Amino acid sequence: MDIQINNQPFSLPDDARLADALASYGAVPPYAVAINGEFVPRAQHPARALTQGDRIDVVKPVAGG
């Protein structure tokens, strides 16, 4: 299946889960994840199935003041 992670195209097996996509992307914690604009808690990453065309946003926290 074809998805996007941070606006970059990725191809994954049809049975891929969110954790698989994050590993392929090389995401390193800490980060927050949204699929199609909806936040996905970290505990759900291994079980959350992906579908063709999903848009995944991986956001790292930024310190500031």
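Me: How many residues sit between strand 3 and strand 4 in their hairpin?
Reply: Two residues, and Asn36 in that turn has a positive phi of about 50°. Strands here are DSSP runs of E, at least two residues, and helices are runs of H or I, at least four, numbered from the N terminus.

Me: What should I know about the source?
Reply: It is a predicted model, where local features need pLDDT of at least 70 and side-chain atom pairs count only at pLDDT 80 or more, while totals for chains, interfaces and linings use all residues. Residues are numbered from 1 along each chain as its sequence is written, and side-chain values use heavy atoms, leaving out hydrogens and water.

Me: In which sense do strand 3 and strand 4 pair?
Reply: Antiparallel, over two bridges; pairing requires at least two DSSP bridges between the strands. Ala34 has Phe39 in strand 4 as its bridge partner.

Me: And how many bridges join strand 3 to strand 5?
Reply: Four, again with an antiparallel run. Ala32 is opposite Val59 there.

Me: Switching to His45. Buried or exposed?
Reply: Buried, because its relative accessibility is 5% (buried is under 20% relative accessible area, exposed over 50%, partly exposed in between; 1.4 Å probe, protein chains only). His45 lies in the loop between strand 4 (38-39) and strand 5 (55-59).

Me: Which residues touch the most other members of the largest nonpolar core?
Reply: Ile3, Leu18, Leu50 and Ile56, out of 17 residues. Helix 1 gives the most to this core, three residues. Such a core is a set of buried Ala, Val, Leu, Ile, Met, Phe, Trp, Tyr and Cys residues joined through side-chain atoms within 4.5 Å.
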